[in-house]
Amino acid sequence: MNVKQFTKPSSRVSLIQNVGLSWSTSGTGLAIHGDFKYKYRKGIIKISDHGSFDLKANGINFQVKIEIGMDGTGRPTMKAVGCSCNVGSADIKFHGGAAWIYNLFSGQLENKLKDMVGGGNGLLCKQLNTLIDVNGMKSLQKLPVTVQIAKRFLLDYRFLSKPSFQTKFMETYHKGEVYWNAVPVDAPFAAPPLLKSSDTSRMMYIWLSDYVFNTMSYNALKYNQLQYNVTNKDLPSGVLNTTCPQSTCIGKIIKAIGTKFPNTTVMLYMKSTSMPNMTAQNGSTVVNASGDIVFFAQQPGGKYTYFLTLSATMSTTISLMIQNEKVFAKVLKLPISVTVKDSKIPVSPEGLNFIVKGIVSVFVEPKLNELGAAGFPLPVINSVHFTNTQLTVAKDTLLIATDLKYSG
């Protein structure tokens, strides 16, 4: 058999309240040309024939209801829960051989064909049920519900409950927590309530709580990811030298360092002492953090001598943007204040100001921008792309409103 003509149907997907989706098509038509031959033998009776036929079917319509749910692992599920189909008309004509006999029964064959294809238990509905229950489920099982971040963290956006369907929209509720990849344990604090929005001008809306960032920073602190040794390789040449001909090294600005530790370099051990906390509110996003900066002077043989600890706090204002289905960040303001926590040497206010502006800010701001430029992935599949996207920052919430573009 060969399909000689196919009439593309009109297709519509709509939402069914408390169920899921309805997929319906109407106006499908096709024309098929085929060849046949047969042999029949019983005793001395032998019958054989061959010929061709033309089949035309029009007005093929179907509607199938698809229930969208959730399995025990938080993944979406789909199941066909009702199917109806009818064939408007069918016409069969035989050619060659004993076609004149076969055509006497073509009306009965046409009705039989319509019954076989149409109806809730017909061939078309059986194929649709298989398409949804088997093929569709296989595709959903490939839908990611977790994604690794920097090879150490795991963003978990599994369903918390089955999707909610109304007549005009659907809502899905996701975990939205970042775990330490090797030990996925819930953070000891709860997510704040999300912003309510009545806007319907875009195709999709994603609400991101600042809980997502804060669970990541909680685990980063817990598993010692918020610490770093700053040396000369991280800063403009010679800044951490204790002896220098110019006047911009630490040994010249803080003379006690140059006197006590001449002709060497200083290493800064920076570590967070509390969880960095992100707060989103009224169009701005601020990250508050605090930590210690511990100073060591390098000694011969690779040993280090401790001489100073500073307590540092910063309140960083960042800008957020959406690109390629990721959230990117950039530092706008980075005010840092430091106080002496412990010291083996005298440190003047000018020395503290040099440490803040010439060392800490020069290192911290590029590092934060580097993290922000890596982007935070959003829960979408590869074939879906954002277009006409708008980002709103409100209390404890980032609201992403976007239209969607699909690619094959």
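View 1. Over residues 1–183 the chain is 19% helix and 54% strand, and the end C-alpha atoms lie 58 Å apart. Helices (H or I, at least four residues) and strands (E, at least two) are DSSP runs, numbered from the N terminus. This is a predicted model, in which local features need pLDDT of at least 70, side-chain atom pairs count only at pLDDT 80 or more, and totals for chains, interfaces and linings use all residues. Residues are numbered from 1 along each chain as its sequence is written, and side-chain values use heavy atoms, with hydrogens and water left out.

**View 2. Helix α4, residues 211–222.** Buried residues (under 20% relative accessible area, 1.4 Å probe, protein chains only) in α4 include Y211, V212, M216 and A220. Among the elements covering the buried residues of α4 are β6 (146–149), β11 (204–209) and β14 (277–281). After α4 comes N224, with a positive phi near 60°.

**View 3. Tyr38 in strand β3.** What is the relative accessible area of Y38? The value is 32%, so Y38 is partly exposed, a class that lies between buried and exposed (over 50%).

Notes:
The expected span of a helix is 1.5 Å times one less than its number of residues. Contact means heavy atoms within 4.5 Å.
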